[in-house]
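Thanks for asking me to look this one over. Here are my notes, in the order in which I would go through them with you.

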Amino acid sequence: MSHELSVVALIRGKERFVYIFDDNSGEELLEAIRSQAANPRLSLSWFDAAVLAERVRQQAATPNRAE
């Protein structure tokens, strides 16, 4: 049994937002992204969060190709 990880990233200039997650942590990641977008000390916008969230959902919906 393999344990696969997924990665979503947003690169803007010198900023890097990189998230690594597995099938069991997608919802937790979505909550973390929302929390970061709500933090005024971070430059992650709500638009950025929506884009990242959509990528997380797309990867979660993609069938496992390694099977």
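1. Ground rules. This is a predicted model, in which local features need pLDDT of at least 70 and side-chain atom pairs count only at pLDDT 80 or more, while totals for chains, interfaces and linings use all residues. Residues are numbered from 1 along each chain as its sequence is written, and side-chain values use heavy atoms, with hydrogens and water left out.

2. Layout. The protein has 2 helices and 2 strands, taken as DSSP runs numbered from the N terminus (helices are H or I with at least four residues, strands E with at least two). Along the sequence they follow the pattern β-β-α-α. Of the 67 residues, 28% count as buried; here buried means under 20% relative accessible area, exposed over 50% and partly exposed in between (1.4 Å probe, protein chains only). Contacts (heavy atoms within 4.5 Å) with a separation of 6 or more come from residues 24 or more positions apart in 41% of cases.

3. Helix α1. This helix runs over residues 26-38, and its 13 residues reach 19 Å from first C-alpha to last, close to the 18 Å expected at 1.5 Å a residue (the expected span is 1.5 Å times one less than the number of residues). Gly 26, Leu 29, Leu 30, Ile 33 and Ala 37 are its buried residues. Seen down the axis of α1, they fall within an arc of 100°, so they line one face of the helix; the arc is that of the directions from the helix axis to the C-beta atoms. Glu 27, Glu 28 and Glu 31 are exposed on the other side. The cover over the buried residues of α1 includes β2 (15-21) and α2 (46-61).

4. Helix α2. Here 16 residues reach 22 Å, close to the 22 Å expected. Asp 48, Ala 49, Leu 52, Ala 53 and Val 56 are buried in α2. Their arc around the axis is only 130°, which puts them on the same side of α2. They pack against β1, β2 and α1, whereas exposed Phe 47 and Ala 61 sit on the face turned away.

5. The core. Which residues have the most contacts inside the largest nonpolar core? They are Val 8, Tyr 19, Leu 29, Ile 33, Leu 44, Leu 52 and Val 56, in a core of 14 residues; such a core is a set of buried Ala, Val, Leu, Ile, Met, Phe, Trp, Tyr and Cys residues joined through side-chain atoms within 4.5 Å. β1, β2, α1 and α2 are the elements that give two or more residues to this core. Beyond four places in sequence, Leu 52 touches Val 8, Ala 9, Leu 10, Tyr 19, Ile 33 and Leu 44.

6. Is Ser 6 buried or exposed? At 18% relative accessibility, Ser 6 counts as buried, and it lies in strand β1 (residues 6-12). Arg 34, in helix α1, is partly exposed at 40%. Setting aside residues up to four places away in sequence, Arg 34 touches Trp 46 and Arg 57.
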